[in-house]
Amino acid sequence: MTFLAGTNRPRTLVLGGGITVAIAALAILGPALTPYNPTAFAVRLRLSPPSLVHWFGTDEFGRDVLSRVIAGAHYSLAMGLGAMLISLLLGVPLGLVAAFHRGVVEEAIMRSVDLLISIPPILLGLLILAVTPPTLWKTIVAVGLVYIPIMTRLTRSVALGLLQEDFVQAAHARGEGAISILAREILPNAWPPIIVECGLRVTFAILLGSSLSFLGLGPQPPSSEWGLMIAESRQFIDQAPWIGLAPGLCLCALLISVNLFGEGLREALDPRLSGHGDV
Amino acid sequence: MKHSTPDSAATAMSDAPLLSVEGLSVAYRTQRGWLHALDDIALTIGRGQVLGLVGESGSGKSTVVLALLGLLGDTARVSAQRLRFDGNDLLSQAASLRGRRIGTVFQDPSAALNPALSIGLQVAEPMLVHRRLPRADAFARATSLLAELGIPRAAQVMHAYPHQLSGGMKQRVVIATALAAEPDLLLLDEPTTALDVTIEAQILDLLEDLRVRRGIAMLLVSHNLGLVERICDKLVVLYAGRTVETGPTADVLAKPQHPYTRGLLAALPRPDRPHPGRLLPIDGNLPDMTVTDPGCNFRARCSFAIDACATPQALLQVGDDRTVRCHRAGLVATTPMPQPTVGHERQSPSGSPLATAEGLARIFRIGGGLSRLFGSVSRDVVAVDHVSLAIRPGEVLGLVGESGSGKTTLGRLLLRLIHADDGRLTFDGTEIPNAPKLTFRRRAQIVFQNPDTSLNPRQTVETILRRPLRRFGLARGAAVTDEVDRLLELVRLPRDYRARYPHQLSGGEKQRVGIARALASRPDFLVCDEAVSALDVSVQAAILNLLADLRDQLGVAYLFISHDIGVVAHIADRIAVMYRGRIVEEGLVAEVLKPPYHPYTEALLSAVPIPSAHAERRVRLAGDPGAEVSAAGCCFAARCPRKLGPVCDTDTPPRRQATDTHHFTCHIALAELAAAKAVL
Amino acid sequence: MTGYIVRRLLAVVGTIWAMSLLIFAIVHILPGNVAYTILGEYATPGAVAALEAKLGLNDPLWLQYWRWLTAMLHGDLGQSLVMDRPAAPLILEALGRSAILAAISFVLVTTMGIAFGIRAATHQGTLSDRTLTLVQFLFIAVPDFFWAILAILLFASWLHLLPATGYTPLAEAGFLGWLSHLILPVGVLAMGLIAHVSRLTRSSMLETLNSRYILAARAKGLPERLVLRRHALPNALLPTITILAIDVGILIGGVVVVETVFAYPGLGRMLVFAIEHHDLPLLQAGMMVVTTIYALANLAADVCYAALNPRIRFSHAAA
């Protein structure tokens, strides 16, 4: 990260990781921490601005915005991690299969992947979610599917590169089977770029997932998913901007910290970035 | 610290050298502090003179070129007492001189030409910018310059792009761009290292010709002593950023006075002196250049070193026009060059063959897959064209050829690492199918070229060595540890290296681990695929010695693949010469190195630059090995200087048996080829 | 070159056909009865049967697909269920409005993205480079719908400079009125992508500047601006073209979000409307139009790439 040039490498990792862990703790401990019931109406208090009693104010039903933001944290994290895991667990094996079985199998996998990539990401999500009533897990699956092609392509190209390396040829010369080559030679060398990509995928999955929720294709009211909260706040943007600002700023904080963490991972794992002073 | 100045500043202007450098030091900023890449370098080049700058990797020779051009970038700190080019201070005026009066040729022509611009523009550009010629004039001149540099159909090439030209042609284009503004000095940074030896010979002839006809001065940077000797008047030898010895080329190479120069010469395998027994490597590694060492930085590796070598040494004048930086120079000069210890005269192994290939063939298809549906063309390239050969137990068969000759593919075919499209392989009396049994895998192993990619970077030396033991069930429990110790000892590595990762090893050490891994299964047959090509001369010698010892000690047979005929002549019993997928000549080393030759072998041998060996007759090949080849006739017909006529293009050449052990395929009669002059 | 374009064109036709299969399959095969989806959970069986008959849902799937595909090839995009009108003119009108948004944004993204990226690469490490990187980071890490909310808050609610939402045709509101409705959506759409393009242009430019042929060009003594313009730029822009093609996809997604926030009556908002009201024929038609546009944009990028890259332009050997 150039704007942090001069800082130590772990700092991005620690800073990003720290905030992410803090938000994750908030999400897990959420129910215990919320000062008010996030879904309890209090009509007399509706649209009250931030105060000592309600730090982030209240919404159009008088619900405490802070409590709703805390209660909604787990959605974004679940979407980010869940979608990343789906793309990881399906995309990586597909990429490995394509790399090991050149020919028809590879063509079939890669052409399907090309096809999925030829739909713009949000539209693919919209399409998958359009027909059935939206829920959290469907959004996670849709976002995960959108990112499978990226994982597959990355894994295949990394594995193909490694398969050309002499140390893999040496394994062939020992008559090693595919599983042994995969476990001993390929995976230990392939995981750093895959891990880095996973970090990126979490960021993009949170972005895409909250965008879909914003469009109404994620968790449904009265849940307090942040994208949904922002969508609902639009009506009251002139009278009570805090209803949208609070979840929006939290979402930004989460995205920035996850992104920082990912950058830190990349710097820590990418040998090209660990400056060697070669002559 | 003021050191020698070979040319005094008081000399008249007309005698003033074109380029004079004194006290040039360069340091790079790294994470571990300042890395002193160059320390107090001095050199001078007169008008029309060619100076050779020699050193191994890490010597700082390329840094000299960049420092002269003022292109070192922000991470480097440059200082010099004197850096003058024809009366101009290069430290402040390099930007206005480079390209205009100093032309540069970099190592790899594929990387040095811009892929997005036409050849014509790249050659004409210096004329447009520096000489402000009108566009039409510049392009006309560029065309004639290309023609002058031996590029056929120059007008057509002007419109081409770099990817459409072969490596040799690209390097001619790069030289043309360097000459375009008619500079007084040409900087050549390893100009032929990326090229095949026959192409290298063409480029060297071109440089010699330029020097004679244009009187242009050159600085030739190279790791290759033979090449430097061919065209340089004077020589500067660099070691780890310091000048260790300078003087007239022939003089320095005949009577080196610095132990390092001596070591380099003794470590060099030469095709004109096959089988000298053991080479003399330079032990140890380059010093840590982030630490400033006032004393001699070679002393840790030097057999002449005494305590006094820890004190600073100046570059001292020794005799006419020679300088050397060594307290012990007097002794070094009078000690006779070490004679290689000739071991027992090696008898070429006889007996029934261990591995026999009959008509092995492999065809690669370029383009294909689903893209064929959309009409993209696919074509077949015959990488190995029905090759037959046999290797006896304990024998070393050298396989020589240029890039694209199919030698690596043949090596992999013999190990059944890639699928053969045709032919049979027999190993120890049994036929080996395309998918061989584990016993064959155990007995036939491989050593690779590039030590950086041949070891899994995430495994320790111990893990790397244990795996074949487990895989072939050769050792269990505590025996595994003993076996790993034995292997490390075999390749002369300390036992505590077992815990190291590859990045903690030097290139030579990595190569030793690669050899140990191949030997772990106690094989009878080893394919060494360019096993020493990526190493510096001093390290290469040590690995060659090790391989020779292991052959004698363990009785392993090698297929020793190399583009370097000197290396092959040193270690092999027999040599097979490969060209475009076919073996054109095969015989005992002594037989292949003297007439009768296959015309290709003749050209290959005469192209090799060897120090202090003056061939009377040089055979030069036109074109490059990538040229189209007709399926019917001789694979070498397109480039053959002895081509008879159409018969070479249409008929398969007959096999000529010179002796029981020596044969080649050529239309020319044996007697006629036997009458050819020796080129070595 | 011609052969290359013909091959790419065939590939695009193949892709669009495969997309039609995929879109049809997702709409018709995913769990959920289409008629129930349209009529809602409390529909009477009679109503469901009637709708199924009307839509031809009882026919075999391949027949339904064939009917849909051939109709599309004849320019008939089907009938919007909710609005009960042919989909084609509805989509065309909305597409025109979206195209204005997308085209202005794309031009901004291309020009400013490349300009900022090159500036950051050639002034590496300076304050402006670092500021640019920080700004880029912010724009990439913050979702565009939140930028939209912030923009509305700042420029409409607080400063009262621009209208918050809506659209007025050029003929009705005059140029300024028309433009005032475009500024915020275009700004939100373009900002993130400008950041994306400039960040990647910066890194590809840096990689090019580190290459051997740039060193060779400098050793030729060329003035720095010539080194940058003639030697570095054509090579550094090749990866940028690929990035721009990807960004068209992100831009299309952004259009959907931005049109929703700013209540801008374009194709993106129409797609969301179709989903909200279960207007499946309209959704299918809209999706086909968008993916076709995206495929054509990718084709255009491939052609540009080939035109700038002599390795594709002249794939045969000379001399």
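1. Which residue lies in the turn of the hairpin formed by β17(B) and β18(B)? The residue is D428(B), with a positive phi of about 50°. The hairpin has 2 residues between its two strands. The model is a predicted one, and the points below should be read with that in mind.

2. Across the pairing, T426(B) stands opposite E431(B) in β18(B). Strands of a sheet pair through backbone hydrogen bonds, either parallel or antiparallel.

3. Chain B also has an open sheet of 8 strands, in the order β7-β8-β9-β3-β10-β11-β13-β12, with mixed pairing. Its edge strands are β7 (102–105) and β12 of chain B, each of which pairs on one side only.

4. Within chain B, strand β3 (residues 50–54) and strand β9 (residues 217–222) pair in the parallel sense over 5 bridges. Here V50(B) stands opposite M218(B) in β9(B). In a regular strand the side chains alternate between the two faces of the sheet.

5. Over all chains, the structure holds 15 aromatic pairs. One of them is formed by Y239(B) and F298(B), which are edge-to-face, at 5.0 Å centre to centre with 80° between the planes. Y239(B) lies in strand β10 (residues 234–239) of chain B, while F298(B) is in the loop between α11 (259–267) and β12 (316–317) of that chain, so the pair ties together parts that are 59 residues apart in sequence. Both Y239(B) and F298(B) are buried.

6. A pair in chain C is formed by F24(C) and Y65(C): the ring centres are 5.3 Å apart and the planes stand at 65°, so the pair is edge-to-face. This pair links distant parts of the chain, 41 residues apart, with F24(C) in helix α1 (residues 2–29) and Y65(C) in helix α4 (residues 61–73) of chain C. F24(C) has a relative accessible area of 7% and is therefore buried. Y65(C) counts as buried because its relative accessibility is 11%; the cut-off for buried is under 20%.

7. Returning to chain B, ring pairs link Y239(B), Y260(B) and F298(B) into a cluster.

8. Rings also meet charges in chain B. The charged end of R77(B) sits over the ring of W34(B), 4.0 Å from the ring's centre. R500(B) lies over the face of Y497(B), at 4.1 Å from the ring centre.

9. On the surface of chain A, a nonpolar patch is formed by L26(A), I28(A), L29(A) and L33(A), which together have about 380 Å² of accessible area. L29(A), one of these residues, is found in helix α1 (residues 9–33) of chain A. Is L29(A) buried or partly exposed? L29(A) counts as partly exposed, because its relative accessibility is 48%.

10. The last point concerns L159(C), which lies in the loop between α7 (144–158) and α8 (170–209) of chain C. With a relative accessible area of 45%, L159(C) is partly exposed. L159(C) and R225(C) are 66 residues apart in sequence, and C-alpha to C-alpha they are 43 Å apart in space.

Key:
Residues numbered from 1 in each chain as written. Chains lettered and ligands numbered in written order. Predicted model: local features only at pLDDT ≥ 70, side-chain atom pairs only at ≥ 80, totals over all residues. Heavy atoms only, no water. Helix = DSSP H or I, 4+ residues; strand = E, 2+ residues; numbered from the N terminus. Buried < 20%, exposed > 50% of the residue type's maximum accessible area, 1.4 Å probe, protein only. Patch = residues over 30% accessible without salt bridge, like charges linked within 9 Å, V, L, I, M, F, W, Y side chains within 5 Å. Areas by Shrake-Rupley, 256 points an atom, 1.4 Å probe, with all protein chains shown as cover. Salt bridge = Lys/Arg side-chain N within 4 Å of Asp/Glu carboxyl O. Phe/Tyr/Trp six-rings, centres within 6.5 Å; stacked < 30°, edge-to-face > 60°. Lys NZ or Arg CZ within 6 Å of the ring centre and 35° of its normal. Pairing = 2+ DSSP bridges.
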